[in-house]
Amino acid sequence: MGLQSEEKGDSYPLIEPRSHGMHGGATFAIIVTTLVAVSGSYVFGTAIGYSSPAQSGIMTDLALTVSEYSVFGSILTIGAMIGAIVSGKLADYIGRRGTMGFAEIFCLSGWIFIAFSEVAWWLDIGRMLVGFGMGVISYVVPVFIAEITPKELRGAFTTVHQLMICLGISLTWLIGAFLNWRTLALIGAIPCVIQLLGLPFIPESPRWLAKNDRALDCEAALQRLRGNSKDISAEVLEIQEYTELLKQLPETSVLELFKRQYTRSIIAGVGLMALQQFGGVNGIKFYVKSLFTTAGLSGNIGTISLAVIQILMTSVGVVLMDISGRRPLLMISAAGTSLGCLCVGLSFLFKDLQLWQSHSPLLAFVGVLTFEGSFSLGMGAIPWVIMSEIFPINVKGLAGSLVTLVSWVGSWIVSYSFNFLLNWSSAGIFFIFSTICGFTVLFVAKFVPETKGKTLEEIQAAMNPLSTKT
């Protein structure tokens, strides 16, 4: 099997799978580097979790209508869309570390705007700035972690990105039950500062360094990450060979992404992100407190319960990621979210029909917890893990931006329309979400590859065959 250029017909050998002789645990350098990177993921989580506990305080203090608060809640995703568009190219040009720092400056500025807002448009500007930083972070953090970790640990470590998002959401919900919205915004700025201070002390992605003809820096960064006693010669050779092979391809444009050789990756990446969002997750996360209130439950008790189950199930997903594989977790997770939405839809239907009224709030509570627990197990993290694994480095910037943009467009549509759809038909919207989640199981079975235990180069060579028939 070989690589052929469409213009010249030259042939180059594909990367053959190699054993790197690495079967050990994580080094101190990998752990610290990952923790610094996922500080950005925590910021991501605080931004998503903020709108639910802050809703009543902001609407009262600034006299906002439901429509105005819906704009505040959803404008986060407008900023994230813009961030997603530039995230790939930015990470290609200034590196993964520089891009994370760039994003945090916007997040920090946004939280300060929100904390000191006296009028609605200040709130919206701050929320959009945070959203822009989130859009960039949502791409660069999982890509960076995937590029620095060995194949035996890549799934679990990349899933820590989602775990920190969950921690950010959950702790913001918990703290928000006791603090006012201005203090909550200032607390949201703390992890931005932590990441900005930590970035100068961690290594850059070895694969980005190799792509930018910095072979010695690539080797030094990889040695630091793997430990001084590790023999990294085989891994360095594989990275450099595959990177050099990809450099012989013409520069990729957006239209190039839709060529046959990238079709499998684009379908898997874009499809997973779209299904993740249209399953309703951000509608539930952004408005969880009002959702529980509508169902006849205590908003604070429901929110705290959701926070606990979210952290617990994401932690289980981290442990299982490199044991069970990506596909089984995804299918179990999607089936669970479908069941959870079905339960919530039935509870609202019973409430509307005035049937089983004493138990319908409990059914809604169980349904939301089932949805969130199942989502946290796999559908929350694995689409981002897959996105970081399947695209070769010559198209990773453009393809990653496209996939991230699809995620945020879906998030905006759901988060903006959720309150209105809930008023239209509380039961109907959850039956729609349940159907979409059920379809996700079939999509994963048909289109999503298993990537457990393979190097990035092996995955990318299999998913994106570097050959074309002439």
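Trainee: Which residues are linked in a network of salt bridges?

Mentor: Asp-92, Arg-96, Glu-147, Lys-211 and Lys-396. Keep in mind that this is a predicted model.

Trainee: How far apart are the closest N and O atoms of Lys-396 and Glu-147?

Mentor: They are 3.2 Å apart, in a salt bridge. Lys-396 sits in helix H16 and Glu-147 in helix H3, so the pair ties together parts 249 residues apart in sequence.

Trainee: Are those two buried or exposed?

Mentor: Lys-396 is buried, and Glu-147 is too.

Trainee: How many salt bridges does the structure hold?

Mentor: Ten. One of them joins Arg-326 and Glu-389, at 2.6 Å from N to O. Arg-326 is in helix H13 and Glu-389 in helix H15, so this pair ties together parts 63 residues apart in sequence. Arg-326 is buried, at 0% relative accessibility. Glu-389 is buried as well, at 0%.

Trainee: What about Asp-217 and Arg-214?

Mentor: They form a salt bridge too, with the closest N and O atoms 3.0 Å apart. Asp-217 is partly exposed, at 37% relative accessible area. Arg-214 is also partly exposed, at 37%.

Trainee: New topic. How many disulfides are there?

Mentor: Zero, across the whole structure.

Note on methods
Residues are numbered from 1 along each chain as its sequence is written. This is a predicted model: local features need pLDDT of at least 70, side-chain atom pairs count only at pLDDT 80 or more; totals for chains, interfaces and linings use all residues. Side-chain values use heavy atoms; hydrogens and water are left out. A disulfide is a pair of cysteine sulfur atoms within 2.5 Å. A salt bridge is a side-chain nitrogen of Lys or Arg within 4 Å of a carboxyl oxygen of Asp or Glu. Helices (H or I, at least four residues) and strands (E, at least two) are DSSP runs, numbered from the N terminus. Buried means under 20% relative accessible area, exposed over 50%, partly exposed in between (1.4 Å probe, protein chains only).
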